[in-house]
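Trainee: Could you help me look at the rings in this model, and then at a sheet?

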Amino acid sequence: MVAEPAQDQSVQELEDKQEWWWVAEKKRSKRLDYLRKSVWKKGALGGNYAPGIKLDLECATLFTDMWKFWKYDPIMMRRAKAIAHVLDNKTIFITDHSQLVGYFGSLPNTIMWRVDGASMVNEEAYNEPGIMPEPENESLQKVAELNDYWAGQTAVDKVARILDPEDAVKFLSGAIGWGAPSSAYGYSGKDYEYLFAGRRGFEDIIEEINAAVENAEDKTVGVPGPEILDIYDRLQNWDAMILVLEAGIRHARRYARLARTMAENMETDEKRREELLKIAETCERVPARAPRNLQESLQYDHFIQIFARTEAHEGAWPARPDYYHGPYYDKDVNVDKTLTKEEALDLVGEFMIRAYEVGGFAPRWAREGLQGITGTWVWTLGGVNKDGSDACNDLTVAFLQAARLVRVSNPTFGFRWHPKVKDEVLRECFECIRHGLGYPSMRNDPLLIQNAMHWHGHPLEEARTWVHQACMSPCPTTKHGVQPMRMASATANCAKMVEYALHNGYDHVVGMQMGPETGDAAKFHDFEELFQAWVKQMEWLTSLLVRTVNLGRYKDPEFFGRPFLSGMSERSVESGLDVVSPVGDRGNCWVTAFTWVENIDSLAAVKKLVFDDKKYTMEQLLSALKANWDGYEEMRLDFVNNAPKWGNDDDYVDDIMLRCLRETARHSRVMKCPSGNSWPILPENVSGNIHYASIVGALPNGRRCGDALYDGGISPGPGLDKKGPSAVLKSCGKIDHVSDGRAFLLNQRLSPTQLAGEKGYQLWKAYIRTWADLGLDHVQFNMVSDETLRAAQKDPEKYSEVIVRVAGYSAHFVDISRKTQDNIIQRTVQGI
Amino acid sequence: MSTCAECRSFFLREDEPGQGDCVRRVVDPRQAFYQSKPVREDNDASGCESFQKK
Amino acid sequence: MSRRSQWKQVANGMLGDVSKARSVEERENVPEKACGFCKNFSENAYASDGRGYCRKLKVGSDIKVTPPVYVMEGQASLTVLFNSDGAGCEYFNRQDLIDTDGNEVNDPSYRRVQRQMEKAIK
Amino acid sequence: MKCTECSHEAGVSSFRYLYNARIDAPITLRQCPQCQAWLAVDEMAGEARQRVDAGEAPWGKSAGIEGLAEDAR
């Protein structure tokens with residue numbers, strides 16, 4: 001619920017009180033205000049869906065009906081026909097005041113159900129409280145029927161059946177990692193260079209496919225031989241791509257027809273009638289043909305996202321909207337003057353709202369790990385052009401301004417900072433942060449370009465096109481650079497590495513032998529023995545997850561099939577291969593390292609108090625851990641307060657961080673992806689630190705099973721960075737952000753009082769300069785005071801629009817669980 | 001038997017004989033919108049709660 | 001039992017077959033001594049659809065037969081559902097503290113957020 | 001330990017552990033197995049200090065017991 005701002009207060013008064021959410025309501029247009037308030041919140045509140053959110057049974061049923069009907073077709077064709085059936089027949093809608101259209105569910109309050117993804121998720125949907133459409137009994141009957149049909153033939157079932165059973169059980173235990181080894185759920189990079197830079201509409205692509213088909217068909221009636229055998233499959237794939245692209249064009253024209261019907265038969269307001277006719281014209285143009293103006297360009301992009309999400313549950317939203325839509329903004333606003341800046345801001349704001357609206361049914365681990373949002377829609381702004389010049393444009397500024405008006409928690413922005421960014425753009429970034437949005441995160445562009453070249457061999461020009469593929473990891477948007485399918489399954493719960501090293505590989509939480517038996521820690525004589533056990537557990541854990549992902553990726557064209565994503569990717573249009581096939585993909589893999597810093601603080605605590613100071617024995621420590629520190633409070637506080645902690649510029653513990661990272665980087669080069677490339681780690685957490693709180697046992701850093709883990713990446717433990725922001729930056733700066741891993745998330749809390757006004761901006765700018773000089777690749781800020789957050793806990797309705805940075809994403813504070821809220825409040829507010 | 005073609009919400013498609021759209025205004029607890037769903041003109045509408053004779 | 005066959009047994013309890021040919025009635029039924037009410041039930045953190053592990057029994061156990069088969073040693077735990085009938089199991093130990101509110105987050109020991117459990121408790 | 005709400009008495013560990021108020025302070029949040037009230041517990045003394053309401057008065061370093069964790073250090 002969105003409360004009304006105090007009517008008797010001026011914008012200035014509200015700004016002085018830093019109540020930015022009311023400022024936004026007063027400043028934004030009536031249209032944006034209506035659209036922002038009309039959105040149904042699809043992100044989970046803690047782990048639950050909000051009241052009124054319902055499972056979309058219409059799309060799931062349409063898809064299944066056609067899937068059943070075409071049972072003899074190859075998988076890509078079968079999926080294409082099922083998707084086309086959904087696009088042709090599902091209910092569509094146009095919301096009052098909107099100028100952009102398209103939603104992947106059938107009604108505004110529905111969440112899409114990826115019924116062919118995983119039986120486990122399907123059973124979860126059946127068991128989930130509150131989301132069945134009325135009448136509930138009929139819906140349950142329908143869902144049970146669908147679940148029976150899909151049982152055993154979903155994408156994840158197929159992969160899990162052929163995995164080594166031990167790997168399957170351990171992966172599916174939920175203890176050591178998460179994700180699903182299938183592109184049914186994943187982060188799909190998009191070949192934006194092909195679509196937007198190449199100025200292609202679907203009809204242009206179909207023409208290119210037809211040319212490729214003609215060429216291939218000549219071969220199938222030519223000289224017999226082994227080289228023509230796979231062409232038959234490719235021809236099927238090409239047909240599937242065309243089929244689904246044509247369905248996309250038809251789907252857009254359904255909107256055009258609806259808008260025209262509304263304009264001609266229902267709408268009495270002349271201005272709105274014109275808007276509806278503009279919508280009709282736009283949807284008749286795109287996606288069939290390349291866009292000509294900003295509205296068409298944004299609409300085209302939105303359709304692409306909706307179609308891709310009709311095909312698979314995409315958990316991320318890699319995009320670079322200022323770069324690809326910027327030329328249209330420039331043409332409409334600056335050259336042709338067909339749009340005023342205010343009108344453009346309305347479009348840009350609505351473009352964000354349309355993305356905020358998107359949400360599919362997600363399993364509980366994903367909801368808990370991404371509380372308050374539906375996926376990591378991290379859009380990339382800023383950066384450089386292919387020639388290295390500054391890529392920021394007027395649309396970059398418009399996005400940053402629109403964000404402060406619509407104040408959505410998703411999408412958020414990651415800003416590619418580089419030394420040539422103009423002051424006026426940097427100020428806009430700061431304003432967003434100062435307004436408490438928690439975004440944009442700041443990314444060190446020169447460093448990340450170098451990193452992309454180092455790990456995956458992307459050529460310079462391609463590396464410069466990078467976008468956030470999920471929260472953090474850069475990926476080019478080019479023919480060979482784009483990674484069409486990154487599965488979250490290589491997301492490691494790293495705290496288990498040290499936990500298993502201490503317990504000989506046994507997991508006391510799930511009661512199973514999980515890791516390798518690396519020896520009874522009670523008998524370790526020195527730190528080195530413990531560290532070597534840790535290395536073995538690290539190698540085992542990352543290898544298991546990577547094996548799972550590699551198999552999922554390799555078998556995906558056979559087990560799932562992505563006709564739409566293929567149809568908009570140059571590599572597939574040219575080759576006829578499913579885009580998910582690793583052939584021709586340079587590889588851009590990474591292991592997301594959740595709960596990483598617990599390893600460092602735990603190892604340092606054992607080294608210091610057990611092996612160096614000999615204050616405790618290993619037996620004593622293991623007894624305390626097995627008791628979850630119950631009855632050992634004094635000892636626990638000793639391990640928290642009297643052992644060195646990461647983030648204080650203390651070489652004792654920082655050296656352990658470097659050693660752990662470098663061992664892992666060594667192993668990253670041993671493990672290979674299906675394209676033969678490396679698997680660097682990327683420490684970050686989203687809200688996995690809360691999800692895993694009761695899954696990770698007690699640790700020597702002083703946490704009990706149940707306590708939130710640290711907030712992630714290379715961020716110090718909440719409240720444990722006691723030596724100020726420079727010490728945090730110096731600790732983090734010891735890491736080589738090119739060769740030690742793929743990227744490193746850093747959360748910082750700053751004081752809104754200290755950073756008020758021009759002086760505040762100058763302080764922050766100097767901080768960013770130091771951050772860049774020390775060679776860090778990422779930093780993101782929370783700039784909301786403890787007082788405001790506590791007030792929001794006491795009176796959630798009044799503060800329903802307060803946004804916080806969780807980790808890699810932002811959320812409305814009232815949407816996250818109490819444990820997560822407290823974890824954020826516990827973070828140190830740094831004075832800079 | 002009433003058919004969809006007799007309903008005020010039915011809009012025949014010009015380029016597809018027999019095929020039309022059922023276009024209705026809906027106001028849910030958060031927003032107002034028009035929705036559209038494909039229907040055939042000869043669909044039996046006797047069980048439709050939203051049927052309104054033209 | 002080979003390494004592979006031991007783990008295969010566990011894997012079978014976790015894959016799609018659980019969804020196969022189960023009626024609404026079977027899905028809705030929560031027995032008086034459902035495993036989900038037992039202190040030894042640890043909910044799977046990956047599939048929060050009510051699959052879980054028994055903290056006591058290892059793979060090879062069978063609590064559906066008479067007399068039940070209890071395997072207490074081994075690497076892998078027995079998989080059960082939140083509404084598996086634990087009436088015949090001598091290790092059934094009723095858990096008084098059942099948290100059915102999913103607004104807080106994962107707690108494999110205490111949380112049972114399945115819709116059916118809510119009904120059973122009310 | 002005795003529950004401040006229903007006077008249920010049992011060992012500290014039989015009160016469901018929820019989480020800490022701060023990692024570097026001995027105050028934790030636990031739930032009474034009898035009346036299910038949320039309690040702020042001094043782990044050093046093994047005593048329940050006060051009730052913490054899940055809805056109205058939150059916990060942790062945050063609203064409700066913000067002074068408690070720091071005072072106890």
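Mentor: Gladly, starting with a charge and a ring. This is a predicted model, where local features need pLDDT of at least 70, side-chain atom pairs count only at pLDDT 80 or more, and totals for chains, interfaces and linings use all residues. Side-chain values use heavy atoms, with hydrogens and water left out.

Trainee: Which residue lies over the face of A:Trp317?

Mentor: A charge sits over a ring if NZ of Lys or CZ of Arg is within 6 Å of the ring centre and within 35 degrees of the ring normal. Here the distance from the ring centre is 4.0 Å, and the residue is A:Arg309.

Trainee: Why is the pair of A:Tyr767 and A:Phe781 edge-to-face?

Mentor: Rings of Phe, Tyr and Trp (its six-membered ring) pair if their centres lie within 6.5 Å; planes under 30 degrees apart count as stacked, over 60 as edge-to-face and the rest as tilted. The centres of A:Tyr767 and A:Phe781 are 5.7 Å apart, and the pair is edge-to-face because the planes stand at 65 degrees.

Trainee: Is A:Phe781 buried or exposed?

Mentor: Buried means under 20% relative accessible area, exposed over 50%, partly exposed in between (1.4 Å probe, protein chains only). A:Tyr767 has 6% relative accessibility and counts as buried. With 1% relative accessibility, A:Phe781 counts as buried.

Trainee: In E3(D), what is the bridge partner of D:Ile27?

Mentor: Strands (E, at least two residues) are DSSP runs, numbered from the N terminus, and two of them pair if DSSP finds at least two bridges between them. Strands E2 (residues 27-31) and E3 (residues 38-42) of chain D pair in the antiparallel sense over five bridges. In E3(D), the partner of D:Ile27 is D:Asp42.

Definitions and conventions
Residues numbered from 1 in each chain as written. Chains lettered and ligands numbered in written order. Helix = DSSP H or I, 4+ residues; strand = E, 2+ residues; numbered from the N terminus.
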